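Visitor: I am new to this structure. Please show me how to read its features, one at a time.

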Amino acid sequence: MARQRGGLVGRKAELAAIVEDRSATGPIVVSGLPGSGKSVLLEEVRRTLRESGAPVLSVSLEAERPEWDLFGFRPVLAAIREQYEQFETDTRLPESLERVSGSCTKEAYADPWSRFCLLHAMSTLFTRLETTAPVTVVLDGVDHLEDPALALAPMHRAGHRIIASCRTPRTGQPDLFHAEQRRVIELGPLSSDEAAALLRRATGARVAPAVELAVQRALGPLWGHPAAMLSTVNELLRSERLENIDGLVHLREGKAPIATPDGHPFSELIESFGEIGKRVVLLAATPPGFLLEEVPHLDGADQAGKAAGRAVDALIQAGLLDRDPEGRIRCRVPGVGAAMADGGLDAQRLHRAVAEGLLNSGKVTGPHGQALARHIAAAGSEMPPCADYVGLLRSSECALPADSAERTVHLHAIWRHTGLATDRAGRQTELFRHLVRTADYTTLDTFTHEALAGAPAAGERAELAVAAVLSAVHLGNPVSEHVRDKLVGDEATLEFADRWFAGHLITPEDVELSLLPVWRQVSFAAPSPGRRRKLPDHGLVEACVVRDLVPVFRAVLGRDYRSPESGPMAAHHRVRTAHAEGLWAEALDAANELEAYGSVDELVREHARLLAAEVCGRRNEARRGAGWLAKVPENGRLPLFRAWVEIGVPQEAGDDREVVELGRLALRAHRDSDDEMGAARLFLRLACSARRMGESVRHDEIVDAAEKWFARKGSPHSSEILALVRAQVNGDEAGTPSTERVLVELGRTPADLGPETDRGMAAGKPGRREQLSETEIGILDLVRAGRTNRQIARVVRISEKTVEKHLTKLFVKAGCRTRYGLAMSNLGRRSDAIGA
């Protein structure tokens, strides 16, 4: 919880309950985990009561005091002296202060009779503290006292109201108040809205949804815990990972872990176990986690293993760790694990230590094998390459979800441990296809550099050239000179990325020529050249015009290409699709995300900003829309698209005459523009306003202008636009392409559209891949890679029984009866192998 001008961020109900409760016969105890905001709430209670005129004595028991002061009377005396002027006291109060001060000694606490006299003197003092009304004594941190109930007794006997804060006791701890009658107010996490408000307050600006989601994921159950949230945000600010762009806070390096430094409820507990406690937390925060029986392998010494076991038990009981149904120990707060890594611990080395411990103990078969494989995979490059691990890794990988991040790690490890074996190229292909299918271009970029360092063969280099291009384009970073030096001979492929970053128009044919020949060697789901998915041609044309390559890649590369979730290309694509579907908030979020990327094509920026401005117009947010428009240059590349956006505001307001006048001026000013996409939208918007005006002269003028414009500049589908303009003007849209098709469906790929499956060739031509179906090609490739029916079923995503049926057909086509014969046959062999 945090203070905010005009009140608190959260805890309003708790504050009201404390201030308004006058009936409590015992102390009101504010309980909560460390960092839950107890002190801030008590400070707000003190301020509120004093503003109402009630006498309040505020005491902090967390301040330094002698260990022998078991009742905390030294801080109480100091608080009374400091706040003396606020009370209407008995004239004998100074005498009582002196008596208690003289009696509050180490010797007095040691003697039972002297301790009784000290308590009696303190009771007398509190009866003389205020003569006109009871005092509200606010005690912060009574859990720092050995016996809080006895310490509060003198105040209670004098008739004063007591409000105290203490830490929520851990399970098994005794009751601090000896079951004395009291009211307990437990401070749980802030509500979702309160947590979001605290996040805005901590950053000092509006927060992008992606930032809020990232912090929430890092904190897990600590989302809504004030101290954990504030320390996490402060760390992000310190490390300059938060960036304020036009009043909206964005997160740099969005996929990098977010650390939760000290300031959370588990800090003290982790620290109490020292280095072993930190290792346990870091290992549990990695995707594989660990099993309880693997704990001793965190350190070779038996004593350390016992300490690790105690740490695991304590952290599970505290709620930081838990055990999943498989028995694996995992960290519930990923940010705490990230903080351990930031502190210098290396997760890969820990996984290597556990893996080597399991190997040395001989636990490598049965259920132990899968656990060992997970640690070998998670150890990454820390684990020395060993071909003996490949079978173990492969067996474990088959049990993982097809598109999971952990499977990515396994496939990477299989490639690494394969070494220079003959099937290393096949493992590279498998990993490359998987990374594109999961749209993990950050890992693909890292893998490309790693693979190129190993002097790959020509065929492998051809794949890596395509991988370098795809990762560069999706991440918004040109192909580095280091990669270029390793890809001598593949300049034709790299030229695709060069043309993209130079701002040239990219067409589906460019993708087919530059990337598809190699990609067809990688993906059995890739269409043949010219056999794209059934995407409307005008949709691909517009996607190319505004440089949205996602639908282009999807259409040309086939179903193994998935829409990316991060990076500038992904953000731009989300702006387009969200706008097309009328999801205004999502479109603005994506546009704001795109603003956070430094390396973005200027046309992409212009298009996204115009769409954002158009969305603001639809939401009646004229000022925000004007802000987006101000970022677009007057002499931009989409002048008519901009005019379409600008006339949207008066059209929404019903000022059709101004719409038509502004549209005429825009068409005259940009007569030579090639902005057909903007022209289509502009004429349709003008036609709508002309129809509402009901003037036939305007109708003829708009239709005539449209016919002349598209006659000069139009593309093959201009006739559809003209037909719709005429229908809009005349109010007769029957039999014409719908407005939604032109204004909404342009550039969209319907989710239910499947790939082109008609790959058949004339019978009697054995050995050609085109003779087989897409699924058969994939199964055949996997048979040659040595996969079992179960493994094939997982990759191709069909049942094992269906795999058997396909294999039966393949045996017939190949003229053989065994898997070996099928693998060695010429069925589906490529006649145009790249890099041979």
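Guide: Start with salt bridges. A salt bridge is a side-chain nitrogen of Lys or Arg within 4 Å of a carboxyl oxygen of Asp or Glu. Keep in mind that this is a predicted model. By this rule the model has 46 salt bridges.

Visitor: Which residue forms a salt bridge with aspartate 601?

Guide: Arginine 547 does, with the closest N and O atoms 3.1 Å apart. Aspartate 601 sits in the loop between helix 29 and helix 30, and arginine 547 in the loop between helix 26 and helix 27, so the pair ties together parts 54 residues apart in sequence. Both aspartate 601 and arginine 547 are buried.

Visitor: Where do lysine 631 and glutamate 595 lie?

Guide: Lysine 631 is in the loop between helix 31 and helix 32, while glutamate 595 is in helix 29. Their side chains meet in a salt bridge, 3.4 Å from N to O. Lysine 631 is partly exposed, at 25% relative accessible area. Glutamate 595 counts as buried, because its relative accessibility is 11% and the cut-off for buried is under 20%.

Visitor: What about a charged residue without a salt bridge? Is glutamate 294 buried or exposed?

Guide: Glutamate 294 is buried, yet has no salt bridge. The nearest side chain of opposite charge is arginine 328, 4.4 Å away. Glutamate 294 lies in the loop between strand 11 and helix 13. Beyond its neighbours within four places in sequence, its contacts include Val354, Leu358 and His375.

Visitor: Now the strands. How should I read side-chain directions?

Guide: In a regular strand the side chains alternate between the two faces of the sheet. Take strand 5, residues 136–140. Thr136, Val138 and Asp140 point one way, Val137 and Leu139 the other, and all are buried.

Visitor: Which strands are joined to strand 5?

Guide: Strand 4 runs parallel to strand 5, joined by five bridges. Strand 6 is also parallel to strand 5, again with five bridges. Aspartate 140 stands opposite serine 165 in strand 6. From strand 5 the chain crosses through helix 7 to strand 6, in a right-handed β-α-β crossover.

Technical notes: Residues are numbered from 1 along each chain as its sequence is written. This is a predicted model: local features need pLDDT of at least 70, side-chain atom pairs count only at pLDDT 80 or more; totals for chains, interfaces and linings use all residues. Side-chain values use heavy atoms; hydrogens and water are left out. Buried means under 20% relative accessible area, exposed over 50%, partly exposed in between (1.4 Å probe, protein chains only). Helices (H or I, at least four residues) and strands (E, at least two) are DSSP runs, numbered from the N terminus. Two strands pair if DSSP finds at least two bridges between them. A crossover is right-handed if, with the strands pointing away from the viewer, the path from the first strand over the helix to the second runs clockwise. Lys and Arg count as positive and Asp and Glu as negative; His and the chain ends are not counted. Contact means heavy atoms within 4.5 Å.
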